[in-house]
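Colleague: I'm new to this one, could you walk me through it?
Modeller: Gladly, have a look at it first.

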Amino acid sequence: RHPPDLPPTPIEPTCFSQTVKHSEWRKAMQAEFSALLTNHTWSLVSLPQGQRAIGCKWVFHMKTKSNGSIDMYKARLVAKGFNQREGQDYFETFSPVVKLVTIRTALALAVSKNWVIRQLDISNAFFNGTLSEEVYMVQPPGFVDPSQPLVVCRLRKSLYGLKQSPRAWYNRLTYYLIELGFVLSKADTSLLFKYGSTFTIYILIYVDDIIVTGSSRQEVGHLLQKLQSQFSVKDLGDLHYFLGIEVVRNGAGLHLCQSKYTRDLLTRLNLADVKPLSTPVAARSKLSKHDGSPLADASEYRSTVGALQYLTLTRPDIQY
């Protein structure tokens, strides 16, 4: 029995005990669990002798639109892949994603030729990857089978958090596209293309976010139909927001900016109210690696540097 509902909160919950008090999050968890069952992600079995079941947890996220308003409540069941053992329940893990320079080049080409540019999102993308390894997981919190409380989940399909999940999903998607006649680019293996006598189509893959562009709107539509027959594809229409990049198409071309990405980064670092300066540091400052006290935990610093690098690589204000 669930506790009484509490009013919705704009703060993302961090644990199951907080989340179960809100009907919006309970619905999100139920939707995720139902999708897992429909996909035959696991089967309930007794844990074999000598095997170890990894844990799992719920992760919660509020998806927002480019204007900052709440789009949907999303609950994700994540396996605790850090408990996996290399050579036993996982082997290969590397999975490529499309390079930012490839995205910019493809968009420039599409705009110059006035091609259609569509944006897709694959719902529960990792669920589509098939596991070749033998992986066991405890039953999800809040969804333990009351008739079999002591059994575990033998994973048949990949799950978020598993070390091999991104690779399994990438293989599943690219194999299907190759069956449709697409070819992997030698310069970027997350770029696939197909040339016909009257059309050209490019597909750019960044995990479950996909850009499709091509010379024929009809052929692009046929491709979307084929993808929807295999995966749970959400057609987001014309490209408008991709990997933190806001995209606006006008008569002059394509305008890219990262104002929302920048605002979110400043908010995360508690710098949203600071005053802007023309230069990030004083012009005559001398910095040394010996200054200041050592950081006990450098994870926030590394995360921030990575976020700034992404901002720099994409060049936050571009007009094609």
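Colleague: Before that, what kind of model is it?
Modeller: This is a predicted model, in which local features need pLDDT of at least 70 and side-chain atom pairs count only at pLDDT 80 or more, while totals for chains, interfaces and linings use all residues. Residues are numbered from 1 along each chain as its sequence is written, and side-chain values use heavy atoms, with hydrogens and water left out.

Colleague: How many strands form the open sheet, and in what order?
Modeller: The open sheet has 6 strands in the order 7-8-9-10-4-11, with antiparallel pairing; two strands pair if DSSP finds at least two bridges between them, and strands (E, at least two residues) and helices (H or I, at least four) are DSSP runs numbered from the N terminus.

Colleague: Which strands are at the edges?
Modeller: Strand 7 (183–184) and strand 11 (233–238) are the edge strands, each pairing on one side only.

Colleague: And over how many bridges do strand 9 and strand 10 pair?
Modeller: Strand 9 (residues 200–206) and strand 10 (residues 209–214) pair over 6 bridges in the antiparallel sense, and Ile-203 stands opposite Val-212 in strand 10.

Colleague: Which strands does helix 4 touch?
Modeller: Helix 4 (residues 165–179) packs on the sheet and touches strand 4, strand 7, strand 8, strand 9 and strand 10, where contact means heavy atoms within 4.5 Å. Its direction makes about 175° with that of strand 9; axes are lines fitted to C-alpha atoms, for helices over the stretch in contact, and angles run from 0 to 180 degrees between N-to-C directions.

Colleague: Switching to rings, how many aromatic pairs are there?
Modeller: The count comes to 13 aromatic pairs, taking rings of Phe, Tyr and Trp (its six-membered ring) with centres within 6.5 Å, and calling planes under 30 degrees apart stacked, over 60 edge-to-face and the rest tilted. One of them is the edge-to-face pair of Trp-25 and Tyr-73, at 4.9 Å centre to centre with 85° between the planes.

Colleague: Where in the chain do those two sit?
Modeller: Trp-25 is in helix 2 (residues 23–38) and Tyr-73 in strand 3 (residues 70–79), 48 residues apart, so the pair links distant parts of the chain.

Colleague: Is Trp-25 buried or exposed?
Modeller: Trp-25 counts as buried at 2% relative accessibility, whereas Tyr-73 is partly exposed at 24%; buried means under 20% relative accessible area, exposed over 50%, and partly exposed in between (1.4 Å probe, protein chains only).
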